[in-house]
Amino acid sequence: MSIKPQATKHIKPHLANAEQQEALGFPGQLIDNWQEKVIDLLGEKVNGSRALQVAMDACMKCGACTDKCHYYQGTKDPNNMPVARQDLMRSVYKRHYTFTGKYLPWLVGAKELDADLLQQWYTYFHQCSQCRRCSVYCPVGIDTSEVSMAGRDILAQVGMGQKYANQVIGKVALKGNNLGLPGPALKDTLLGLEEDVLEDTGVAIRFPIDEAGADILLVTPSADFFAEPHVDGLIGYAKVLHQAGVSWTLSSQASEAANFGLFVGSEQHTREMALRIKVAAQDLGVKRLVFGECGHAWRVAQNHLKDLVQGLDFLDARYPIPQHIAEITHELWQQGTIRLDVTKNAQRCITFHDSCNVARASTLGKVKGGQYSIPRDLLKASCARYVEMPSHTTQQTTLCCGGGGGLLTDELMELRIKGAAARMNAFDEVIKQHQVTHMVAMCAICKSQFSTIFPEFGHAFDSVLSLHQVVGDALDLTSSL
Amino acid sequence: MSAVLAPLLLIAIAVCIAGIAYRIYNVLQAPVLRHIAITPAADSRWGVLWFMLIETVTFRTLFKASVPTWIFGWLFHVCLLLTIIIHGRFLSIPAPTIVAWLMPYTSIISYGLMVGLIGLFVRRLVVDRVRYISSLSDYMHLILLLVIAGAGMLLSSSDSVNVYEVTLFVQGLFSTQWPSLTQNYLLALHVLGACVLLCVYPFSKLFHGPLMWFNPTRSQPQRPRS
Ligand code: SF4
Ligand code: SF4
């Protein structure tokens, strides 16, 4: 299939308004000397980051990545080929920071940054979910997410921030979570959950919040408090922790695991958002820090937390800092502390969608590739019928759900649907061959995205399940161990 | 002829070495901001080193991504390496052992080199995705290599060069008195092309090989779970 230039030129997220920009310390509108400023910032960024410098300099235009991005696959817009996305930045970088670009721009594809190119930056750096699938296929390992992150940060700094991400970051600063849920509402929701679970299972399972002295602080994406199927995942965590007899708590101050600072490429906001979690852990006097099912939150937690916030040594060093809920569940299951019963999921035939930030940017457990084997072990122990999607769409080469990287906003729906098409093809294949009924995910964004776009592809919105929903359903709550 | 070629060659070699040093200095001074290894990765320095060596020798990632590109790309790189080694024949008479061992295969290696280059060139023209991302320099790099290789092939298949004379020239290159070379336009073209290549190499995309070794997505061990 041939390329369709400009196919998605019209799709772009809403710009942040002056208020949303200024709340984060950015200029309220496009500044007058944007051209000069963008070029300066670009130079600083490239000199200040080895990954970005290599991305700008090492691409040999081999084309290996060109058909690997799910947005390219779904839109055929050549600017969604990872190398072309980088070229939007690289052409300006060459023009101003390389010898050949300065003197022979026509030879090396160097370009002056004009208003049109600036718009293309805004458009196509927001058509990248920063999933890094392209990087897996690039012979020199160029990371396009570094490019789109840097690009977005530069844009925000000259006045072109993205409304959705800015709003989310603002809400976290104010209310502690992406949704802006205030503490009292959160407590109500959790009480409601306790009642529901008691009714369903006959077991009194607690959903503690702000309980000082608990062993574990569980930080989870705020969608887990109210969205489907996320909340069923939260119920699953609570069941597991209840069954294991561990004391745990949520925090109203750090009621959000997600960190949109990463998506907008802002070191400062990523740090501030991570810092809330440390403060909450200290205030509550917990010993362990555990993250719920959220892909990029886990990426930030596992890879960056210790660099972003110093002094986490008040936590118990006998446990990894931080831990993922799936690691804990897996260990409890291996030790026999919890029991899983496949018959409880007999009505389901499931497949698993690896989330990009867990699959390619993080690890789970002590075994290499644990990020793949841990969820699969748990699913196979919870459901007799488990099927894999085609191998080029799973594990390290998994496809993005189409809504990651700060693109989970309504005005990008066309892009989100087209970007999900590749995953939907893989899903359709296993449905046809094995009568798969559900897709399981362990990332809040994946779950939200799939439950929204599934109907577009003829699937029920609730055919996506949380990992801990399947585990929680299979969990034997009667056994006293 | 050596009065022209020798100084140009010396300058090109100097530019190349200085350029490589500059580029490596430049990439090393840029800090690695975060852990961004593509996982699963090795969790130790040695593991990473092994992974990078395998990658460098086999182009495994490219194989995963596109088999045709891998065939032409890998063929080209391997044949280029062998061709460079074969040029060691001009270091001494008789030729160094490893070179002597390779010399019978010279023509097949140079055909491999040409096939690789032409394959890459055709792919760049024919596949619309790759054509879209190509700028003039991407074609020029291939043309430059084709010119150097083409001239070299003609030289080695004809008897127009005197191996003894060229060997003396190479041995005397770093002296103050450059041994003379018989007028030969093909040889001049070959050497001038190589001079351009030496100068372009460190400052262009051709430097991708060394840069890969500094790319944090590849060269960082994954963050240990402790
Ligand atoms: S990081 Fe993902 S979304 Fe971005 S260009 Fe690469 S494959 Fe596409
Ligand atoms: S795979 Fe890497 S080197 Fe090749 S074109 Fe894409 S970004 Fe450039």
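A crossing of two helices is called left-handed if the near helix is turned anticlockwise from the far one by less than a right angle, and right-handed if clockwise. By that convention, H5 of chain A passes H10 of chain A in a left-handed crossing.

Some housekeeping. This is a predicted model, where local features need pLDDT of at least 70, side-chain atom pairs count only at pLDDT 80 or more, and totals for chains, interfaces and linings use all residues. Residues are numbered from 1 along each chain as its sequence is written, and side-chain values use heavy atoms, without hydrogens and water.

Back to the helices, which, like strands, are DSSP runs numbered from the N terminus (helices H or I, at least four residues; strands E, at least two). H5(A) and H10(A), residues 144-157, pack at about 35°, with axes 10 Å apart; axes are lines fitted to C-alpha atoms over the stretch in contact, and angles run from 0 to 180 degrees between N-to-C directions. In contact, meaning heavy atoms within 4.5 Å, are A:Pro82, A:Arg85, A:Gln86 and A:Met89 of H5(A) with A:Thr144, A:Val147, A:Ala150 and A:Gly151 of H10(A).

Next, the ligand. Which residues are closest to ligand 1? They are A:Cys69, A:Cys128, A:Cys131, A:Arg132 and A:Cys134, out of 13 that surround ligand 1, counted with a heavy atom within 4 Å. H4 (70-75), H5 (82-97) and H9 (133-137) of chain A each supply at least two residues of that shell.

Last, strand E1 of chain A, residues 216-219. A:Ile216 and A:Leu218 on one side and A:Leu217 and A:Val219 on the other are all buried, that is, under 20% relative accessible area with a 1.4 Å probe, protein chains only.

Terms used
Chains are lettered from A and ligands numbered from 1 in the order in which they are written. Buried means under 20% relative accessible area, exposed over 50%, partly exposed in between (1.4 Å probe, protein chains only).
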